[in-house]
Amino acid sequence: MMMNRRKFLTSSSSLALSTYLMSYSGSSLASLIENTGLKDVFKDKFSFGTALSTATLSGLGNSSDQLKLVAKEFSSITPENDFKWANLRPKPNSWGWDLADKFVEFGQENNMQMVGHALVWHSQIPDNVFFDKKNKMLPRSHLLATMEEHINTVVGRYRGKIHVWDVVNEAFKGGRWRKSHWYNGIGEDYFEHAFRFAQNADPSAQLMYNDYSMDNSKKQQSVIAAINQCKRKGVKIDGVGMQSHLHLDGPSIKQIEQAILNYANAGLRVHITELEMDVLPKIQDYASADIGNKYAYREELDPYKSGLPLAMEQKLAQRYEEVFKLYIKHSDKIDRVTLWGTSDDESWKNDFPIKGRTNYPLLFDRNQQPKLAYFALKKL
Ligand code: XIL
């Protein structure tokens, strides 16, 4: 339903596109339109991914076109929602594997890297995982047993098929432990137990800690300290996922670069896991993606309802180019760059942190056509 409502919009005008393409010499123009995807541009640098939405996996709307586009352009996939606890396991003993299995089938058919997202998170998880019928928090031992059973079941089902797991998602808020139900019920060591359980369930998978605002220095210090502590105890953590919900105006390239260097210097592989570029007026800090933050709709915060002006399209293309140049510069440290969705109509940024806006954060427009930002990356 949501997708249809947004479908009428196109982002860049075809005039803008042809003007842009004409600025290239004959030979690079040919390479821009040949039948290769961005995955081919980056194949010697890092895998290039996207998130598959529930609508796409369910076969709704234009999903078959969307899947064709994904297979052409991307070499890695992450399920946007369908491996989250509430989706996979809405009630304690009722598992719904349908969309998760479809995700894995699609990845196998297209020989893609697959990322499981996310095993232990505070959001999109039913309260009954943590509380009894009288709303009393269940004992630590019970919560640890639930976590272990969940991780064994999910990771075990796809052992050897899913290559990378976001084992813990968003355990820190700024520089402090987030006071999630996991934290409150188990204590700090819920973090290390989650990684231990994941390692036991699939010793060959790459195990990641994933978070937003990973360029924030306080968060960096806490994340690196927690990971180092685990590693000293022999717990395997391979790297960090920098979600990278970025804005057109920030954070700066310098700040992102410093973060990549800091994680790499701590011996961690870096994955860019949920990249997009918000173009709408900001209402909170750059790059924050705290799922709990919601704000009321105001017209002035939704200025591009009938299309994004060319100057903004160009600014977006330039920003994508700068960010990818940085990723390429550090491709020895970065294994993967994943966009949080393929076309603008399906981006969560239309509804976050304000519901019902019209945003343009991705590389394909509402008709699944490549935007200027796409062409800017294709020529890198
Ligand atoms: C978002 C999805 O994109 C939305 O469809 C859903 O309603 C809420 O979650 N950090 C994460 C992702 O790790 O799982 C979140 O995805 C975005 C923020």
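Is W348 buried or exposed? W348 counts as buried because its relative accessibility is 17%, where buried means under 20% relative accessible area with a 1.4 Å probe and protein chains only. The model is predicted: local features need pLDDT of at least 70, side-chain atom pairs count only at pLDDT 80 or more, and totals for chains, interfaces and linings use all residues. Residues are numbered from 1 along each chain as its sequence is written, and side-chain values use heavy atoms, without hydrogens or water.

**View 1. W348 stacks with F352.** The ring centres lie 4.4 Å apart, with 15° between the planes. Rings of Phe, Tyr and Trp (its six-membered ring) pair if their centres lie within 6.5 Å; planes under 30 degrees apart count as stacked, over 60 as edge-to-face and the rest as tilted. F352 is buried, at 4% relative accessible area. K349 lies over the face of W348, 5.6 Å from the ring centre (NZ of Lys or CZ of Arg within 6 Å of the centre and within 35 degrees of the ring normal).

**View 2. F172 and W177 form a tilted pair.** Their centres are 4.4 Å apart, with 35° between the planes. Both residues are buried.

**View 3. F324 meets residues from elsewhere in the sequence.** Leaving aside neighbours within four places, its contacts (heavy atoms within 4.5 Å) include F42, F46, L275 and V337.

**View 4. K371 is buried, at 0% relative accessibility.** Its side chain makes a 2.7 Å polar contact with that of D344 (N or O atoms within 3.5 Å, one able to donate a hydrogen and the other to accept it; residues adjacent in sequence count only if both atoms are side-chain atoms).

Key. Buried < 20%, exposed > 50% of the residue type's maximum accessible area, 1.4 Å probe, protein only.
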